[in-house]
Amino acid sequence: MSDTAPQPGSPPRANMLLAAIKRLGSSALPFVVVILVWQFASLFFPRFLFPSLIDVFWRCLEIFSSGAMFADVLATILRILAGLAGAFIVGGGLALLMVRSRAVDHFLSPILTLFQGIPALSWVVFAIIWFHGIEFRIFFIMVMTTLPAFTFQLLGALHGMSRDLMEMVFSFRPTRLKLFRVMIAPAILPDILTAWKVNLGNASRVVVVAELVGATGGVGYQLLQQQQLFDMAGALAWTLQLVFFVLIVQGALTLIENIAFRYRAVSERAI
Amino acid sequence: MRDSVTPAQSAIHLADVSKVFGKAGSEAAYRAVDGLNLDVRPGQMLALLGKTGCGKSTIFNMIAGLTEPSSGTVRVNGRDPFRDFDSFRGRIAIVFQSDRLLPWRTAIQNVELGLEMLEVPAMKRRATAQLWLTKLGLDGHENDYPHALSGGMRQRVSIARAFATNANILLCDEPFSALDESTAGRLRAEFVRLVKENGKTAVFITHSISEALEIGDRIVVLKRPAKIAYDVSFDADTGQQERELIRSRIGEVLSA
């Protein structure tokens, strides 16, 4: 009983710091290039086409510091999160039903595929015709546009669980709740986080479309105002609010991934 | 040397058990087990030996309650392990061919798994898991994730996981086949010692005659589809010459 585990040597702290700076630098480089190109263009084009990024920065700051304007940003964020949560819960339920019954799978799969083919704008029109309440319309649009992706991703995750590990856990005769807690939830968590990351991007695009035509507040509504005023700096500043939100949530999801998946082996050789 | 155990004395009892995969009667149907009769007495270490595909794992899964027989009776401690599935919680433990450790759990959390199913309080659970890890020489690796452990260490964690629940029936499906001979030999000896010390009834599936002779105090050789071709019992007093006779007889049966 003397076999031992491999002990990988840890690189010195300075090397790790240098590597982190390099990683940060290479991540920031594309953004820096885009910013420089835009700023350069602003020197030669009129303000309504390419406003200076300094102007855009002040407009962003104005939105942050003004309670009324920031309320519009918050409203949009809440709409995105509510829509995603709704689609995730419904999609999770449907995926569980589909994995338990082949008949349900055969019945629901074509319907969800059909939904996937319907453009977001069509759902906006349907919602306006079918429903009265603005918030319910937006919630409906968000759920319908992200539901198929959530369902199929969760279904794939449930189907992809290791049969060997499942059998091993079953051999201990777990209750349904324990089976979910010790096996199903940890096994599908990576796919859940990926699904959220993918759908977050989709949802932030769809919510703007939904707000453009049906809302009296929110980032989409504000973008419509900027378009009518021909204010490119304002349009960019409002767009950046959503971009910041997506980046923050993506960062939070990545942080969760780093903590939750620390058990994963890391290969020194990349794909 | 044939073992004679009455059904009433049996820890494991299989009567006229058959298992057919696919639609019975159709061309695609595959008979993995055919009218098998087998009784294992409490405290016995039975080695099930047979060629690949002879239905050993199907028998294993039926005893474990993971597969339902197509016909016949399977009883473990007098009850049906498939239909009374939940009633066997903590009574049957399995060591699989591969370690099957949950990758998101540390070594000690993996050992605690069966105890969690039995609602053992956290403190006691941790102490029991630690005890078994220590017994299996894994002190200092409690908080290692499976990927950081060698193959032998991972298999020892899976043995610790099986023993930790103190189940009286232990089922092992070629647990050392993926390890190098030196590590497998050490683990095998350790395994036999623990089974004897703890008075377990064990069914050990293997395709190695040497392993069967080393592990079992009874060997059942199966022919395809799983039906008993040879059944022999022996003990520590069985001499080397007699063991060699058993070995050559098993060889003959397997090559027939």
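At what angle do the axes of helix 3 (residues 67-100) of chain A and helix 4 (residues 102-117) of chain A cross? I began with this pair, keeping in mind that the model is predicted.

**Entry 1: two helices of chain A**

I found that the two axes cross at roughly 135° and come within 6 Å. Helix 3 of chain A and helix 4 of chain A are therefore oblique to each other, since angles over 145 degrees would be needed to count as roughly antiparallel. I then listed the residues that meet. From helix 3 of chain A these are Leu94(A), Leu97(A), Met98(A) and Arg100(A). On the side of helix 4 of chain A they are Arg102(A), Val104(A), Asp105(A), Leu108(A), Ser109(A) and Leu112(A). Sorted by class, this contact has six nonpolar, one polar and three charged residues.

**Entry 2: helix 9 of chain A**

I next asked which residues of helix 9 (residues 219-229) of chain A are buried. They are Val219(A), Gly220(A), Gln222(A), Leu223(A) and Gln226(A). These residues lie on the same side of helix 9 of chain A, because they cover an arc of only 160° around the axis. As background, I noted that an α-helix has 3.6 residues a turn, so residues three or four places apart point the same way. I also looked just past the end of helix 9 of chain A, where Phe230(A) takes a positive phi of about 55°.

**Entry 3: the sheet of chain B**

I turned to chain B and traced an open sheet of six strands, in the order 5-6-7-3-8-9, with mixed pairing. Strand 5 (92-95) and strand 9 (227-233) of chain B stand at the edges; each has a single partner strand, so one side of each is left without a neighbour in the sheet. From one strand to the next, the twist averages 20°.

Two helices of chain B pack on this sheet. Helix 1 (residues 56-64) of chain B touches strand 3, strand 5, strand 6 (169-173), strand 7 and strand 8 of chain B. The direction of helix 1 makes about 155° with that of strand 6 of chain B. Helix 5 (residues 181-197) of chain B touches strand 3, strand 6 and strand 7 of chain B, and its direction makes about 140° with that of strand 3 of chain B.

Is strand 3 (residues 45-50) of chain B enclosed or open to the outside? Six of its six residues are buried, so strand 3 of chain B is largely enclosed by the rest of the structure. Met45(B), Ala47(B) and Leu49(B) point one way from the strand, while Leu46(B), Leu48(B) and Gly50(B) point the other way.

I followed the pairing on either hand. Strand 3 of chain B runs parallel to strand 7 (residues 201-206) of chain B and is joined to it by five bridges; Leu48(B) has Ile205(B) as its bridge partner there. Five bridges also link strand 3 of chain B with strand 8 (residues 218-223) of chain B, again in the parallel sense, and Leu49(B) is partnered by Val221(B). Strand 8 and strand 9 of chain B run antiparallel, joined by six bridges, and Ile219(B) stands opposite Val232(B).

**Entry 4: Phe88(B)**

Last, I located Phe88(B) in the loop between strand 4 (71-76) and strand 5 of chain B. Phe88(B) has a relative accessible area of 1% and is buried. Leaving aside neighbours within four places in sequence, I found Phe88(B) in contact with Arg173(A), Val76(B), Arg79(B), Asp80(B) and Pro81(B). Asn77(B) is eleven residues from Phe88(B) in sequence and 9.5 Å away, C-alpha to C-alpha.

Methods: Residues numbered from 1 in each chain as written. Chains lettered and ligands numbered in written order. Predicted model: local features only at pLDDT ≥ 70, side-chain atom pairs only at ≥ 80, totals over all residues. Heavy atoms only, no water. Buried < 20%, exposed > 50% of the residue type's maximum accessible area, 1.4 Å probe, protein only. Helix = DSSP H or I, 4+ residues; strand = E, 2+ residues; numbered from the N terminus. Arc of directions from axis to C-beta. Pairing = 2+ DSSP bridges. Axes fitted to C-alpha atoms, helices over the stretch in contact; angles between N-to-C directions. Contact = heavy atoms within 4.5 Å. Parallel < 35°, antiparallel > 145°, perpendicular 65-115°, else oblique. Nonpolar A, V, L, I, M, F, W, Y, C, P; charged D, E, K, R; others polar.
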